[in-house]
Amino acid sequence: MLKVLDSAVPVACWSCAVAHNDVTLFCPHCSKIQPPPGGDYFSVFGLVPQLDLDLGMLEHQFHKLSRKLHPDRFARAQDNEKQWSLADTALLNDAYRTLKDPIRRTEYLLKLHGAEIGEEHAGKGRKDQKDVSRVPADLLEEAFDLNMQLEEMRMAKKMGDTDPELQSSLEQAKKKFDGLLDDVDRDLRTQWKVWDSGSESARQESQKTMVSLLDRRRYINNLVRDVTETVGA
Ligand SMILES: [Zn+2]
């Protein structure tokens, strides 16, 4: 679905017919709005694709482009321009939402580079596709214990019982897994720098590391969510 744009394809502006590359929202020559461009999300903002992104610049470009695309500016424009202002705005919002979030940005850029990320790919290539295949090896035991305790807690709640000891044990576990999430995020940030500045081979190695960090992150996140759902409310 996603594809890296090797080089920007020149297209003729619909209004002034001067050629420009197809990743721009506005014609550099006559400033007229263009149909939604075919580049990646980074190019929407004129940014170089990288993981350690300048968020200030991203936000600045987002607000600038949002203002330029505002429907009020197209009140007397042709119908096609009105439609493009809506379509370009939708694209801009999607792009901004994806790039400003560190995890979404990482997943997006790695997918552009062919990485397979997500629930459906986790544990891929293993014979047993049961849940256990996705558990990070070092968390097997703790995850098992936690799931037992969660089950116990659910039963207790169903019976209308309270179990303060179990409750506090689960809260402790949640704290620990929250800490593990912080570790994953810190490791990801370290890999961003390797990926952004590395050679092709370093980048591939770093990409593999990040894919497994993202799997680990999703797994821990699910555990934390289960604890919150069971303990809270
Ligand atoms: Zn033009």
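User: How many residues has helix 7, and how far does helix 7 reach from its first C-alpha to its last?

Analyst: This is a predicted model. Helix 7 covers residues 200-231, which is 32 residues. At 1.5 Å a residue, 46 Å is expected. The reach from first to last C-alpha is close to that, at 46 Å.

User: Which helices do the buried residues of helix 7 pack against?

Analyst: The buried residues of helix 7 include M210, L214, I220, L223 and V227. Their partners are helix 4 (102-112), helix 5 (140-158) and helix 6 (164-197).

User: Is helix 5 roughly parallel or roughly antiparallel to helix 7?

Analyst: The axes of helix 5 and helix 7 come within 10 Å and cross at roughly 20 degrees. Angles under 35 degrees count as roughly parallel. Helix 5 is therefore, relative to helix 7, roughly parallel.

User: Which class of residue makes up seven of the contact of helix 5 with helix 7?

Analyst: On helix 5, the residues are A143, L146, L150, M153 and R154. They meet L223, D226, V227, T230 and V231 in helix 7. By class, one residue is polar, two are charged and seven are nonpolar.

User: How are helix 5 and helix 6 placed to each other?

Analyst: Their axes are 10 Å apart, and helix 5 and helix 6 pack at about 140 degrees. Roughly antiparallel needs an angle over 145 degrees. Helix 5 and helix 6 are therefore oblique.

User: Is the crossing of helix 5 and helix 6 left-handed or right-handed?

Analyst: Take helix 5 as it passes helix 6. The crossing there is left-handed.

Definitions and conventions. Residues are numbered from 1 along each chain as its sequence is written. This is a predicted model: local features need pLDDT of at least 70, side-chain atom pairs count only at pLDDT 80 or more; totals for chains, interfaces and linings use all residues. Helices (H or I, at least four residues) and strands (E, at least two) are DSSP runs, numbered from the N terminus. The expected span of a helix is 1.5 Å times one less than its number of residues. A residue is buried if 20 or more other C-beta atoms lie within 10 Å of its own, exposed if 12 or fewer, and partly exposed in between; C-beta atoms are placed from the backbone. Two residues are in contact if their C-beta atoms, placed from the backbone, lie within 7 Å. Axes are lines fitted to C-alpha atoms, for helices over the stretch in contact, and angles run from 0 to 180 degrees between N-to-C directions. Angles under 35 degrees count as roughly parallel, over 145 as roughly antiparallel, 65 to 115 as roughly perpendicular and the rest as oblique. Ala, Val, Leu, Ile, Met, Phe, Trp, Tyr, Cys and Pro count as nonpolar, Asp, Glu, Lys and Arg as charged, and the others, Gly among them, as polar. A crossing is left-handed if the near helix is turned anticlockwise from the far one by less than a right angle, and right-handed if clockwise.
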